[in-house]
Amino acid sequence: MKVLFAASEVYPLIKTGGLADVACFLPIALHEQGCDIRIVMPAYRSILAQGTVLKSRSGFFIPQFKLHVRLLETTLPGGQVPVYLVDIPELFDRPGGPYQAPAGTDWPDNARRFAIFGYIIHLISLNQVGLHWSPELLHCNDWHTGIATALLANQPQRPATVFTIHNLAYQGRFPYETYQSLMLPPHLWSMDALEFHGELSFIKGGLVFADRLTTVSPTYAREITTPEYGYGMEGLLQLRADKLTGILNGVDYRIWDPRLDPVIAHHYGLTNLADKKINKLALQRELGLKVNEDAILLAHISRLIGQKGIDLILNGVHQLLQDKDVQLVILGTGEDRYEQELRAAAVSYDQRLVVVLDYNEILSHRIQAGSDIFLMPSRFEPCGLTQLYAMRYGTIPVVRCTGGLADTVVDANKKSLQTRHATGFHFHRDSLPEFMLAAGRAIHMYRSAQPTWRQIMATAMSQDFSWEKSAQQYRQVYEDARHSLSIQKMHD
Ligand code: ADP
Ligand code: GLC
C-alpha cells in the first residue's frame, strides 16, 4: 500500500516529544511490513543546517498564497523511508523550535504556517506537485496536519485518510479573523467543519473528515469521549466512536536496549540484572549525587508541564527526600514556574536532588539505565513512551492509572505479584497523598523484598512493546479506511 505520513516533527531530524519518535519508528515498521510509505514534514532551519545531503524533488508556485515551494528529500536512518521536506523559507527557515521562537513563545503566524503545510500535504496527496506518486492512504498526525484532511474531503480523486490524535489538549485554535486571513474555502467555516464555538479549530479538520480516527492507547480512546478528557471534543468523538481505535505506541528496541545501548556505562539484561547498579554508580558520579549503591534512585524525564504532574513531584519532594537514602533526578525543560521551583528545591538537597533543565537524549538513556524507580504521575497521558523505555531498563514505573499508563503498566498487587505479571505501581486519583502512597509502596518493596523487586524488574524488562505489533494494527485501520472510502465512492 502507498502511504503518505504527515507530521510536524520526526526523530532524529527534529523532536520536542513522543510524536517525533512515533513519526520515525512507525513508518520504519510499516516499511518493514511492505508499505511504500513516505513522510512529509516542514523543512525547519535546524534540519537544513544539519548538512545532510538533500535531493531537490520539485518546485512550484502557489498563487493562492503567493509562495514558492520546494520539496526536498532525505531519508530516515536506515535509508529506506523517504522524507519530503516542505521548504518555504518565509514560514520555516527561522531559529527556535517547530512551534516556538527561541524565547519559548508560540510563533505568531502558526496558523498560517500549518494551514499552508496542510495545503501542501493535500496537493501531494492528489499527485499535483510533480512527484509522479500518489498515496492510496494519507495518515495525518495532530492538529498541524488537520487542514489537509478537511481540504481533501470532497476531492473525487482523494486517498483514504486516517487521523491520529497524539494529544487532544493541543487543538490549534485561532480567532475567526485568522480564519478569514488564511483564504481557506468558505464552506469549511461551519459547525460541521472547522468552526468550534466561534473559533477556528485545526484539529476538527481531522476529527470531522478523516475516514478513520486513531489515538495512541485504548484507554485514552475511551477517555476522550468523556468531558474530563475530551476538551470540548467529546460530543464529536462520541458520534465518531465507531471510527475511533486506540493503538498503543511502540518502542524501537534497537535504540532502547540496556544490553546494547552504546551510551550507558555498563550493559546489562535479564541474565546479569545486578549489573544495573554499575550504571547507578556512574550516574551518581556524573550528576554529583552522593555515590552510594544502596541509595534508592528515583527519576523523572519529561516536558515540565501540568500534564506530566510535575507539580505533584514538586509537592512531594520534601516527603520523598525525608528518607536520607532516597535520591531523585529530574531531566526536563518546560514552563518557567516549574523550572524555577525545581532549581530552588535542588539547592535544599545537595547531592540528593539533581535537576537538569535541558533536553538531552544521551542523559535520558543514562538516567533510564541508572535509576531504580521512574515517576510518572501524569494528569492524562495519551500513551507515554518514557514508562515503556523505563520498563525495558528495569526501572520500575510509578504511574497514575490513566491513558496509556493504565494500558502498559501492571500494578503490583497481591494477585499480579502471585502470577508474576506486575511491572509497576499505580495510583488512581490526581492527589498528592495517593501519589505518595504509591511511591512509598515502591520504595518499601525495593528495600524490604529484593527477590520480589527483582521479579518485577524481570517481568518489566521482558514486556514486548515493539512497533511490529502496533504497525500491524495500523495496517488494519488503513485497510478499513480504504474500504469505507470505496463504499462511499460507490454511493456518490
Ligand atoms: P510527550 O510526547 O507527551 O512529551 P512521551 O512519553 O510520549 O511524552 O515522549 C517523550 C519523549 O521525549 C521521550 O522519547 C522522552 O525520552 C523524550 N524526552 C522528554 N524530555 C526529554 C529531555 N529533557 N531530554 C531528553 N529526552 C526527553
Ligand atoms: C503525545 C502524548 C504522549 C504520546 C505521544 C506520542 O505527546 O502526550 O502520551 O506518547 O504524543 O504519541
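Q: Before anything else, what kind of model is it, experimental or predicted?
A: It is a predicted model.

Q: OK. What is the strand order in the sheet of nine strands?
A: The order is 3-4-5-2-1-6-7-11-12, in an open sheet with mixed pairing.

Q: Which strands stand at the edges there?
A: Strand 3 (55–62) and strand 12 (244–246). Each has a single partner strand, so one side of each has no neighbour in the sheet.

Q: And by how many degrees are neighbouring strands turned against each other?
A: On average 20 degrees, with direction ignored.

Q: Tell me about strand 6. Which strands does it pair with?
A: Strand 6 pairs with strand 1 (residues 2–6) in the parallel sense, over four bridges. Strand 6 is also joined to strand 7 (residues 160–165) by five bridges, and those two run parallel as well.

Q: Which residues are bridge partners?
A: V3 has L137 of strand 6 as its bridge partner. On the strand 7 side, L138 is partnered by T161.

Q: How many residues of strand 6 are buried?
A: Five of the five, residues 137–141, so strand 6 is largely enclosed by the rest of the structure.

Q: Which way do they point?
A: L137, H139 and N141 point one way from the strand, while L138 and C140 point the other way. The residues on both sides are buried.

Q: What packs on that sheet?
A: Helix 7 (residues 202–209) is one element that does, touching strand 7 and strand 11 (212–215). The direction of helix 7 makes about 125 degrees with that of strand 7. Helix 20 (residues 467–491) lies across strand 1, strand 6, strand 7, strand 11 and strand 12. Helix 20 runs at about 135 degrees to strand 7.

Q: Back to helix 7. How many of its residues are buried?
A: Six of its eight, which leaves the helix mostly covered. The buried residues are F202, I203, K204, G205, G206 and L207.

Q: Which other strands does helix 7 lie across?
A: Strand 8, strand 9 and strand 10, and helix 7 runs at about 60 degrees to strand 10.

Q: What sheet do those three form?
A: An open sheet in the order 8-10-9, with antiparallel pairing. Strand 8 (173–174) and strand 9 (195–196) are its edges; each has a single partner strand, so one side of each is left without a neighbour.

Q: How many bridges between strand 8 and strand 10?
A: Two, in the antiparallel sense, with strand 10 covering residues 199–201. F174 has L200 of strand 10 as its bridge partner.

Q: Switching to helix pairs. At what angle do helix 11 and helix 14 pack?
A: About 130 degrees, with the axes 7 Å apart; helix 11 is residues 276–287 and helix 14 is residues 361–370. That angle makes helix 11 oblique to helix 14. The crossing is left-handed.

Q: Which residues make the contact?
A: From helix 11, K276, N279, K280, L283, E286 and L287. From helix 14, L363, R366, I367, Q368, A369 and G370. By class, the contact has five nonpolar, three polar and four charged residues.

Q: And helix 18 with helix 19, at what angle do they cross?
A: Roughly 115 degrees, and the axes come within 6 Å. Helix 18 covers residues 432–448 and helix 19 covers residues 450–462. Helix 18 brings A442, M445, Y446 and S448 to the contact, and helix 19 brings Q450, T452, W453 and I456. These divide into five nonpolar, three polar and no charged.

Q: Last one: R113. Buried or exposed?
A: R113 has 0% relative accessibility, so it counts as buried. R113 lies in helix 4 (residues 110–125).

Q: What is R113 in contact with?
A: Leaving aside neighbours within four places in sequence, R113 is in contact with Y44, L91, F92, R94, P98, Y99 and W107.

Q: What separates R113 from L388?
A: Their C-alpha atoms are separated by 33 Å, and the two residues are 275 residues apart along the chain.

Terms used. Residues are numbered from 1 along each chain as its sequence is written. Chains are lettered from A and ligands numbered from 1 in the order in which they are written. This is a predicted model: local features need pLDDT of at least 70, side-chain atom pairs count only at pLDDT 80 or more; totals for chains, interfaces and linings use all residues. Side-chain values use heavy atoms; hydrogens and water are left out. Axes are lines fitted to C-alpha atoms, for helices over the stretch in contact, and angles run from 0 to 180 degrees between N-to-C directions. Angles under 35 degrees count as roughly parallel, over 145 as roughly antiparallel, 65 to 115 as roughly perpendicular and the rest as oblique. A crossing is left-handed if the near helix is turned anticlockwise from the far one by less than a right angle, and right-handed if clockwise. Contact means heavy atoms within 4.5 Å. Ala, Val, Leu, Ile, Met, Phe, Trp, Tyr, Cys and Pro count as nonpolar, Asp, Glu, Lys and Arg as charged, and the others, Gly among them, as polar. Buried means under 20% relative accessible area, exposed over 50%, partly exposed in between (1.4 Å probe, protein chains only). Two strands pair if DSSP finds at least two bridges between them.
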